Amino acid sequence: MNILQFFWKNQAQICDLTLEHLWLVGISMLLAVSIGMPLGILLTRRPVFRRAILGGATIVQTIPSLALFGFLLPAPWLGERADRLAITALTLYALLPIVQNTYAGITGVDAGVREAARGMGMTDGELLMQVELPLAFGVILTGVRVATVITVGVATIAAAIGAGGLGEFIFRGLAMVDNRVILAGAIPAALMALLADFFLSRLERRFRYV
Amino acid sequence: MKVVAKPEMVIEFRGVSYRLESGRTLLSDLNLQILRGETLVLLGRSGSGKTTTLKLINRLLEPTQGQVLVEGCATSLWDPIRLRRRIGYVIQEVGLFPHFTVERNVGLVPRLEGWPADRARQRVHELLDLVGLEPERFARRFPRELSGGQRQRVGVARALAADPPFLLMDEPFGALDPVTRAEIQREFQTLEGRLQKTIVFVTHDLREGLMLATRLALMEGGRLLGVYTPEEFRRASDPTVTAYLQAFETTQTPRGGE
């Protein structure tokens, strides 16, 4: 049975696991953006936290993903369900590029633009919502794109703690020493990463000014 | 009807110093009065404290000593947002918002102030006419689609949008090429007469200063050397002025005069 026949025969399961994978990645990214962006904004307003927040996010990033899943396992509420645990770990992983790019995007807004905005009497909120965030949006999206691609990859490891997703095929294939099974997980995951990269870069281009 | 009897003082510096946290003094003991409707030019070389003086007026900076009074009230007591919306601000980098059209850029302060949309629009068109940009052609363009001179005109229109009684201008024409600069200076001179606003204008360009000023305040190393009318300056009767003129000429001549 060649690879295509194998894929055809198992299409239902490939579909299920792809959807599960998508769900893990989607929820994690949603959480990471809704935590990371405010954190990035906070850094621009209170630079004192810069070292703590960026340092913390960097440390998380250096923990090997399998170890991070393991570390969180004994945590009280998180450890109860595998998907909860996986989403938490994935969110933590995705945080750094988003926080960093939000901060860099906002601080990178042209000084003249910011001075004009303040000089004309914009409040800090108006400056942020009408000027800084719209102008930083392209850079923030780059962070989201990088984080998404990383998360699609790391999410395959979530199968190791029983959270499902395309990693199931990969681990099963490794155990069975069957490349077809490994590829049934790896190919859809790679496609997912490529598609996310493609669409998010297209979106980014719309937010390029000057 | 013009009230000539007693010129009204609208901005006053009382013993104002500004020191950075590092201890460097950018401005020391400035005493200066600015009258309603005049154009006061702050003249001096880079680092003389001109821009610092300007930013103390709209409270982008606060004095470390002394007081700046705007309409009789210390800037530290003004709500900075209210204060700044009464003061038009034009800077050399222009600072147009690249993601806004010309129309939205100019209409910014009216919109922040909650003007109805059609009134704001009408005002924007009026102002674009005033600065010599046809609204039909330019209103929908983005800043990147404009030349340097056109951008600076939009910057001036934006500063005038909510009809503020004051206008602060920080080397507004400094980044333009000499031909465009001369053109826009002439236009601004005409505009100045029509606007009847109190203008504080920072420049290092003596010719520009003489052309636009009601009075010139000469600054050097964070200190005010003196305030002169353009005539006094031209006659150069004052030794400080003579020294400045000489310094200006020696720097200008080798470059063939800018």
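This is a predicted model: local features need pLDDT of at least 70, side-chain atom pairs count only at pLDDT 80 or more; totals for chains, interfaces and linings use all residues.
The definition can be applied to D163(B), a residue in the loop of chain B that lies between α7 (148-160) and β7 (166-170). Because 13 other C-beta atoms lie within 10 Å, D163(B) is partly exposed.

E171(B) is found in the loop that lies between β7 and α8 (178-195) of chain B. Is E171(B) buried or exposed? The count for E171(B) is 20 C-beta neighbours inside 10 Å, and therefore this residue counts as buried.

Chain B also contains an open sheet, formed by four strands in the order β2-β1-β4-β5, with antiparallel pairing. At the edges of this sheet are β2 (25-35) and β5 (73-74) of chain B, each of which pairs on one side only. Within the sheet, strand β1 (residues 9-19) of chain B runs antiparallel to β2(B), and the two are joined by seven bridges. A reader who wishes to find this pairing in the model can look for E12(B), which stands opposite Q33(B) in β2(B).

Chain A is built from nine helices and has zero strands, so that its pattern, read along the sequence, is α-α-α-α-α-α-α-α-α. The C-alpha trace of chain A spans about 70 × 40 × 20 Å along its principal axes, and of the 210 residues in chain A, 39% count as buried. If one considers the contacts in chain A between residues at least 6 apart in sequence, 73% of them join residues at least 24 apart.

One pair of helices in chain A can be followed in detail. Two packed helices are described by the angle between their axes and the distance between the axes. For helix α3 (residues 50-62) of chain A and helix α5 (residues 82-107) of chain A, the axes come within 8 Å and cross at roughly 140°. That angle makes α3(A) oblique to α5(A), because only angles over 145 degrees count as roughly antiparallel. The crossing of α3(A) and α5(A) is left-handed. On the side of α3(A), the contact is made by I53(A), L54(A), A57(A), T58(A), V60(A) and Q61(A), while α5(A) brings L92(A), Y93(A), L95(A), L96(A), V99(A) and Q100(A). Divided by class, the residues of this contact of α3(A) with α5(A) are nine nonpolar, three polar and no charged.

It remains to consider where the two chains meet. The contact between them takes 16 residues from chain A and 17 residues from chain B. On the side of chain A that touches chain B, the elements that give two or more residues are α6 (111-119) and α7 (124-154) of chain A, and the largest share, six residues, comes from α6(A). By class, this side of chain A has nine nonpolar, four polar and three charged residues.

Terms used:
Residues are numbered from 1 along each chain as its sequence is written. Chains are lettered from A and ligands numbered from 1 in the order in which they are written. A residue is buried if 20 or more other C-beta atoms lie within 10 Å of its own, exposed if 12 or fewer, and partly exposed in between; C-beta atoms are placed from the backbone. Two residues are in contact if their C-beta atoms, placed from the backbone, lie within 7 Å. Ala, Val, Leu, Ile, Met, Phe, Trp, Tyr, Cys and Pro count as nonpolar, Asp, Glu, Lys and Arg as charged, and the others, Gly among them, as polar. Axes are lines fitted to C-alpha atoms, for helices over the stretch in contact, and angles run from 0 to 180 degrees between N-to-C directions. Angles under 35 degrees count as roughly parallel, over 145 as roughly antiparallel, 65 to 115 as roughly perpendicular and the rest as oblique. A crossing is left-handed if the near helix is turned anticlockwise from the far one by less than a right angle, and right-handed if clockwise. Two strands pair if DSSP finds at least two bridges between them.
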